[in-house]
Amino acid sequence: MTFSGIIVAAGSGSRAGGDKQWRTLGGKPVLRWSAEALLNAGADELIVVVAPDALDRVADLLSDLPRWRAVSGGDARADSVRAGLAALTCAPDQPVLIHDAARPLLDRAVIDRLLSALETADGALPVLAVADSLRRGEAQVMTDVVERDGLWRAQTPQAFRRRVIEAAYAAWTDADAPADEAVVVQRNGGKVALVQGDPRLLKLTYPEDFAMAEALLPRQTR
Ligand code: CTP
Ligand code: MG
């Protein structure tokens, strides 16, 4: 099945010490990992959303790859997603996978599960079960235990047909930016499927996450 991809890479990476999408992981820049994964899985259009001052940088980084183009993102992640959606040229029914550049280790199997789920749902996202027991707390003091049943850790890519995600964003009226696209579609009345995620699809958020991701790289690239 053909699909379009949007990679949002316009953040500042402040918690990781800056510039995380351009850093090298296992010999390859972080942003290139997911660009290659989406293109190799069959994306026939890939929009890469970067900060306005990074357009030249991404042109250099991905110059030898096909079927992609870059656009400028915005101040919040949701603004960058909207910029990516506005740049799509695919048919209204084409699936679109929206992905964080900060999650470089994107396996083909996750993409396949998302595309299958879209056959019977308005959207799909990869999730992981919560392993740790959960506590509520205030000012370093435990106030309650939170039941783990029914709770999931959300990952990206998140998949929607183009017309579904565009309509949902157009209908988003909250002053607050949405956490992700799945929230936008679910709040607009869409059925969003949970599919099995992948522990290797971790998000690079803090400096120590890079060592974790290196350890999880596919064997041949280590
Ligand atoms: N992102 C984006 N545009 C923004 C903010 C975030 O495209 N205005 C992207 C990031 O580049 C990243 C993804 O959204 O690929 C997930 O965001 P996050 O992990 O929070 O990255 P940053 O916002 O860059 O990091 P931080 O919050 O630590 O500054
Ligand atoms: Mg952020």
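Select Gly42 to begin: this residue lies just after helix 1 and takes a positive phi of about 115°. Helices (H or I, at least four residues) and strands (E, at least two) are DSSP runs, numbered from the N terminus. The model on display is predicted: local features need pLDDT of at least 70, side-chain atom pairs count only at pLDDT 80 or more, and totals for chains, interfaces and linings use all residues. Residues are numbered from 1 along each chain as its sequence is written, while chains are lettered from A and ligands numbered from 1 in the order in which they are written.

**Helix 1**

Next, select residues 30-40, which form helix 1. Its buried residues are Val30, Leu31, Trp33, Ser34, Ala35, Ala37 and Leu38. A residue is buried if 20 or more other C-beta atoms lie within 10 Å of its own, exposed if 12 or fewer, and partly exposed in between, with C-beta atoms placed from the backbone.

Proceed to strand 1 (3-9). Seven of its seven residues are buried. Phe3, Gly5, Ile7 and Ala9 lie on one side, and Ser4, Ile6 and Val8 on the other, so that both faces are covered. Two strands pair if DSSP finds at least two bridges between them. Strand 4 (residues 43-50) runs parallel to strand 1 and is joined to it by seven bridges; there, Val48 is the bridge partner of Ile7. Strand 6 also runs parallel to strand 1, with five bridges, and its residue Val96 is the bridge partner of Ser4.

**The nonpolar core**

Which residues of the largest nonpolar core touch the most other members? Among its 57 residues, they are Ile6, Ile7, Ala9, Val48, Val49 and Leu114. A nonpolar core is a set of buried Ala, Val, Leu, Ile, Met, Phe, Trp, Tyr and Cys residues joined through C-beta atoms within 7 Å. Select Ile6 and, leaving aside its neighbours within four places in sequence, find its contacts, including Ile47, Val49, Val81 and Ile98. Two residues are in contact if their C-beta atoms, placed from the backbone, lie within 7 Å.

**Leu97**

Leu97 is found in strand 6. Why does Leu97 count as buried? Leu97 has 27 C-beta neighbours inside 10 Å. Beyond its neighbours within four places in sequence, Leu97 is in contact with residues including Phe3, Leu38 and Leu114. Select Arg162 as well: the C-alpha atoms of Leu97 and Arg162 are separated by 9.3 Å, although the two are 65 residues apart along the chain.

**Helix 5**

Now select helix 5 (residues 162-171), in which Val164, Ile165 and Ala168 are buried. Seen down the helix axis, these buried residues fall within an arc of 90° (taken from the directions from the axis to the C-beta atoms), so they line one face of helix 5. They pack against helix 3, strand 6, strand 7, strand 11 and helix 6.

**Strand 7**

Strand 7 (residues 123-129) runs antiparallel to strand 11 (residues 158-161), joined by two bridges, and Gly123 stands opposite Phe160. Strand 12 (residues 192-196) pairs with strand 7 in the parallel sense over five bridges.

**Ligand 1**

Finally, select ligand 1, which has 22 residues around it; Val8, Gly11, Ser14, Arg15 and Ser80 come nearest. A residue is near a molecule or strand if its C-beta atom, placed from the backbone, lies within 6 Å of it. Strand 1 and helix 3 (77-86) each supply at least two residues of this shell.
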